[in-house]
Amino acid sequence: MRYEELLGVYRKIWNNRLLKDEAKTAKELLNEAITRELLDEVTHPRLRTSKEVKFYYAMKRISDSKQSDSEKVELIKHYIKIMEEL
């Protein structure tokens, strides 16, 4: 699956996220969005949870979404890749 398609799947599941930057590729936008999600960067520092907890909630949200199974698997694989890098 191409990064543009994977970014589209991400946007469908997390539809409130602003993911616009003309200077960045779809891969860069997706990687940054997932990293911010796992590191809980949009939450006040005193209220942040661990990346493992955020990963669990992301997996739950993806698995509960209405996307196709192949789209879910690809997005989960990408989350795992980013999680391993963190």
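## Contacts of Thr49

Two residues are in contact when heavy atoms of one lie within 4.5 Å of heavy atoms of the other. In this predicted model, Thr49 touches Asp40 and Lys54, leaving out residues up to four places away in sequence.

Thr49 belongs to the loop between H2 and H3. Its relative accessibility is 36%, so Thr49 counts as partly exposed, because the partly exposed class lies between the buried limit of under 20% and the exposed limit of over 50%. Thr49 and Leu38 are 11 residues apart along the chain, and their C-alpha atoms are separated by 9.0 Å.

## Asp40 in the loop

Asp40, one of the residues that Thr49 touches, is placed in the loop between helix H2 (26-38) and H3. Is Asp40 buried or exposed? With a relative accessibility of 4%, Asp40 counts as buried.

The backbone of Asp40 has a phi near 55 degrees, which is a positive value in a residue other than glycine. For comparison, most residues other than glycine have a negative phi.

## Lys51 in helix H3

Lys51 is located in helix H3, which covers residues 51-64. Lys51 has 26% relative accessibility and therefore counts as partly exposed.

Which residues are in contact with Lys51, leaving aside its neighbours within four places in sequence? They are Leu38, Met83 and Leu86. Lys51 and Leu39 are 12 residues apart in sequence, while their C-alpha atoms are 5.4 Å apart in space.

## Helices H1 and H4

Two packed helices are described by the angle between their axes and the distance between the axes. Here the pair is helix H1 (residues 3-13) and helix H4 (residues 69-85), whose axes come within 10 Å and cross at roughly 95 degrees. Angles of 65 to 115 degrees count as roughly perpendicular, and H1 and H4 are therefore roughly perpendicular to each other.

On the H1 side, the contact is made by Tyr3, Leu6, Val9, Tyr10 and Ile13. On the H4 side, the contact is made by Glu71, Glu74, Leu75, His78, Tyr79 and Lys81. How many residues of the contact of H1 with H4 are nonpolar, polar and charged? Seven are nonpolar, one is polar and three are charged.

Technical notes. Residues numbered from 1 in each chain as written. Predicted model: local features only at pLDDT ≥ 70, side-chain atom pairs only at ≥ 80, totals over all residues. Heavy atoms only, no water. Helix = DSSP H or I, 4+ residues; strand = E, 2+ residues; numbered from the N terminus. Buried < 20%, exposed > 50% of the residue type's maximum accessible area, 1.4 Å probe, protein only. Axes fitted to C-alpha atoms, helices over the stretch in contact; angles between N-to-C directions. Parallel < 35°, antiparallel > 145°, perpendicular 65-115°, else oblique. Nonpolar A, V, L, I, M, F, W, Y, C, P; charged D, E, K, R; others polar.
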